[in-house]
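Dear colleague,

I am handing over the structure below, and I would be glad if you could read my notes on its aromatic contacts alongside it.

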Amino acid sequence: MLIRRELITRVVRLLIENRLEEGINRIPLEMRPRKNGSVRCCVHKDRAVIKYKLMALLGYNISDEVDELTPLSDYARMANQRTELTDTVLTVVDEACSSCRKTSYQVTNMCRGCVARPCMVNCPKDAIKFVDGQASIDHTTCVNCGQCLKVCPFHAIVYMPVPCEEACPVGAISKGDDGVESIDITKCINCGKCMTACPFGAVMEKSHLVEIFRNKREGKKLVAMVAPAIAGQFNADMGKILHSFKELGFDYVYEVAEGADITTKLEAAELQERLESGAPFMTTSCCPAYTQLVDKHIEQLKPYVSHTHTPMYYSAQVARHNHPNDVLVFVSPCPAKRWESFHDPNVDYTLSFEEYGAWMVAAGIDVSALRSTDIDKFPSAEGRGFGASGGVTQAVKALAPSTLKITDIQINGIDKAAIRQLKSFPKSCPGNFVEVMTCEGGCIGGCNVISNPKVALRQLKQAVEAAPSIVSIEV
Amino acid sequence: MDEKKIEVLVCSGTLCYLMGGSELQLLSECLPPDLRGKVDVKGSPCLDFCNHPKNGRPPFATINGRCIAQASVSLLIAEIRKEIKG
Ligand code: FES
């Protein structure tokens, strides 16, 4: 993560100086000078990994490479002329991957070769033999059931996961014959959990930085639309955060919490209508990783998902109306939102929280030391609260009529167990309003966040407290 | 007599935050019981260590004015103990 952030900062610095093409080939050399030792096998491998990570930051899939000799400067030039984006958001840096063994159980040298041999006795596939007095697993017959680990009295058997595969809730990332992971985009919900989990930083999010800077250079006006979770990202109040976008060169800034107010109003009305017409429950729809999960993996839940659009959608509608010819940039906590922005009719580009932070560092802006800008139009407290899990529920409850009996359920983070739970809801749902957040803690737990979610939640609460209640403002 | 408290300043400048420094805001509540009451933790805008490579890598903090690079909660706790021992 830290290497990725350093890389983003270096790329933004070159973009600010308008020297991307001249400077980018030097980044791998500057970060891994010949005499400073290497992290991987040698300095050349380190540099190759950095090169491919930079390729992702230029907005390319690593698999787009045709000729290994193509230098980064060529990619930078082509990126500068690029007019089309794609909705493939995540890319695997194959050079950085392939270090993990297939998920397996391994016998460690803690094995005492005991007489009872519970591992061998309990193995349903007879995959354990004893060689030289120690248990040994035959991986051609082992089915990774984990029985041996459970029964070993010496805890001599360990589970060796592949972190990205373990983290992916939908089985979208897997190894090819060459040992390298690849993402099946027909299954992927763009949650980015693989990116967070990989200790080699081998999964990268493709960036729109080149496009954003090109538009700025061409004199276009930039409009930032900041997701509610941004309130927790730096040790700075919302006024300072909004001001920082002006310092970075954005012309207008919108809090997407305003769009969240529209979502709340429509979602509360939709919930009322559905429940009154006999529907057993409704789920939220503001997390795009969740809606992709339903589309791709839980078809039976589709009829229960709210049709109300996300806060970003409504904010972009308002911003596009106010700025028909300007460039709309959504400032985002996760790759799923980048995917959503691509499909949104009004949003042009996405800037992740990490990229925003790196941009400030590259521009020498200390957000905590900035003056706090006056906010002329506050969103509601509930709208700002969308940044953390429980926020949508609170907002909808605030606007729903008191006669409507809401029994809420929160799915706070999607994993395989949560998916099983969601799959059971069409048959029997213990509540009538289900809030689903793919990341634990909500968007403040997204994989692009900068701040520790616990710290972020505290600050988000302060931003919430500074805003008026949704019942007191006109939405 | 009142013992002088150990003063810890954690940087909440943009670079330190970007490099994982937000976690340091949790230092006060992560202090082990024997250190509570002996340490005064404050946040600070950029401490200006980040502009001089010789200081090491962010995130930064200071303990009684001594610069700690690549600070984490556990490193700061260890350094506070060292400071107490002298
Ligand atoms: S941002 Fe921490 S020392 Fe500058």
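This is a predicted model: local features need pLDDT of at least 70, side-chain atom pairs count only at pLDDT 80 or more; totals for chains, interfaces and linings use all residues.

Over all chains, the structure holds twelve aromatic pairs, and two of them are described here in detail. In one, the ring centres of Phe234(A) and Tyr356(A) are 5.8 Å apart and the planes stand at 80 degrees, which is over the 60 degrees required, so the pair is edge-to-face. This pair links distant parts of the chain, since Phe234(A) belongs to the loop between strand E9 (222–226) and helix H11 (238–248) of chain A, whereas Tyr356(A) belongs to helix H16 (residues 353–363) of chain A, 122 residues apart. Both Phe234(A) and Tyr356(A) are buried.

In the other pair, Phe250(A) and Trp359(A) have ring centres 5.4 Å apart and planes at 55 degrees, so this pair counts as tilted. Phe250(A) is found in the loop between H11 and strand E10 (252–255) of chain A and Trp359(A) in helix H16 of chain A, so the pair ties together parts that are 109 residues apart in sequence. Phe250(A) and Trp359(A) are buried as well.

As for charges over rings, the charged end of Arg82(A) sits over the ring of Tyr60(A), 4.9 Å from its centre, while Arg117(A) lies over the face of Phe130(A), at 3.8 Å from the ring centre.

Technical notes. Residues are numbered from 1 along each chain as its sequence is written. Chains are lettered from A and ligands numbered from 1 in the order in which they are written. Side-chain values use heavy atoms; hydrogens and water are left out. Rings of Phe, Tyr and Trp (its six-membered ring) pair if their centres lie within 6.5 Å; planes under 30 degrees apart count as stacked, over 60 as edge-to-face and the rest as tilted. Helices (H or I, at least four residues) and strands (E, at least two) are DSSP runs, numbered from the N terminus. Buried means under 20% relative accessible area, exposed over 50%, partly exposed in between (1.4 Å probe, protein chains only). A charge sits over a ring if NZ of Lys or CZ of Arg is within 6 Å of the ring centre and within 35 degrees of the ring normal.
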